[in-house]
Amino acid sequence: MGLTHLDPDGNARMVDVGHKPSTLREATASGRIEMRPETLAHILAGDLPKGDVLAAARIAGIQAAKQTSALIPLCHPIALTRVAVDVRPAPPGDGPRALIVTATAGTNGPTGVEMEALTAVSVALLTLYDMAKAIDRGMRITAIELESKSGGASGEWRRVDAPGAAGRADAP
């Protein structure tokens, strides 16, 4: 399969989706921001000077999903039907203290919403950093990845952990 964002001469182009049927499409992405335990405690207590960090991150993620085509040069403007952003602490024992951001975007259209979900996660994580950087500049944003997508010609795709493997495996 060739790269769809290149024309026959190798020049960047926006893919023509005008002939594709509108279908229900959904994508979920996730990422994490690692921090000191005391930073996490302040965020969860809601006592940082900038206000409700978790609410700001959720709103920032939703707004970012709506602006994806303005940020990623070859993305189509999409009529989103749904964007949900969740921010929760990583489970105990899951490495360094962290918050996990998950975003799900949906549409009924001719192209997918993977970039919208990934953009929502990225900006929500950056917002968390911005809101808490005064007390912890050493926070680390990691593991931004697509978790699943559905709809369109390629159908379902889901990321799964590969038992015993060093990395992750993709499943149809």
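This is a predicted model: local features need pLDDT of at least 70, side-chain atom pairs count only at pLDDT 80 or more; totals for chains, interfaces and linings use all residues.

Biologist: What percentage of the residues of the protein count as buried?
Modeller: A residue counts as buried when its relative accessible area is under 20%. The accessible surface of the protein comes to about 9,500 Å², with 57% of that belonging to carbon and sulfur atoms. Of the 172 residues, the share that counts as buried is 37%.

Biologist: Which element supplies the largest share of the largest nonpolar core?
Modeller: The largest nonpolar core holds 29 residues, and those with the most contacts inside it are Ile43, Leu99, Val101 and Leu128. At least two residues of this core come from each of strand 1 (23-34), helix 1 (37-45), helix 2 (53-66), strand 2 (80-89), strand 3 (98-109) and helix 4 (114-132). The largest share, eight residues, is supplied by helix 4.

Biologist: Which residues is leucine 128 in contact with, its neighbours within four places in sequence left aside?
Modeller: Leucine 128 is among the residues with the most contacts inside the largest nonpolar core. With its neighbours within four places in sequence left aside, its contacts are Ile33, Val53, Leu54, Ala57, Val87, Leu99, Val101 and Met139.

Biologist: Over how many bridges do strand 1 and strand 4 pair?
Modeller: Strand 1 is mostly covered, nine of its twelve residues being buried. It pairs with strand 3 in the antiparallel sense over twelve bridges, and there arginine 32 has isoleucine 100 as its bridge partner. In strand 4 (residues 140-150), the bridge partner of glutamate 26 is serine 150. The pairing of strand 1 with strand 4 is antiparallel as well, and its bridges number eight.

Biologist: With which residue does glutamate 26 form a salt bridge?
Modeller: Glutamate 26 is partly exposed, at a relative accessible area of 34%. In its salt bridge, the closest N and O atoms are 3.1 Å apart. The pair links distant parts of the chain, 56 residues apart, with glutamate 26 in strand 1 and its partner in strand 2. That partner is arginine 82.

Biologist: Is leucine 126 buried or exposed?
Modeller: Leucine 126 is found in helix 4. With Ile141 and Ile144, Leu126 forms a nonpolar patch on the surface, the three having about 240 Å² of accessible area together. The limit for exposure is over 50% relative accessible area. Leucine 126 has 51% relative accessibility, so the residue counts as exposed.

Biologist: What distance separates the C-alpha atoms of leucine 71 and threonine 119?
Modeller: Leucine 71 lies in helix 3 (residues 68-71) and is exposed, with a relative accessible area of 53%. Along the chain, leucine 71 and threonine 119 are 48 residues apart. Their C-alpha atoms are separated by 8.8 Å.

How values were computed: Residues are numbered from 1 along each chain as its sequence is written. Side-chain values use heavy atoms; hydrogens and water are left out. A nonpolar core is a set of buried Ala, Val, Leu, Ile, Met, Phe, Trp, Tyr and Cys residues joined through side-chain atoms within 4.5 Å. Buried means under 20% relative accessible area, exposed over 50%, partly exposed in between (1.4 Å probe, protein chains only). Helices (H or I, at least four residues) and strands (E, at least two) are DSSP runs, numbered from the N terminus. Contact means heavy atoms within 4.5 Å. Two strands pair if DSSP finds at least two bridges between them. Accessible areas come from the Shrake-Rupley method with a 1.4 Å probe; for residues, only the protein chains shown count as cover. Patches are made of residues with over 30% relative accessible area and no salt bridge: like charges are joined within 9 Å, nonpolar side chains (Val, Leu, Ile, Met, Phe, Trp, Tyr) within 5 Å. A salt bridge is a side-chain nitrogen of Lys or Arg within 4 Å of a carboxyl oxygen of Asp or Glu.
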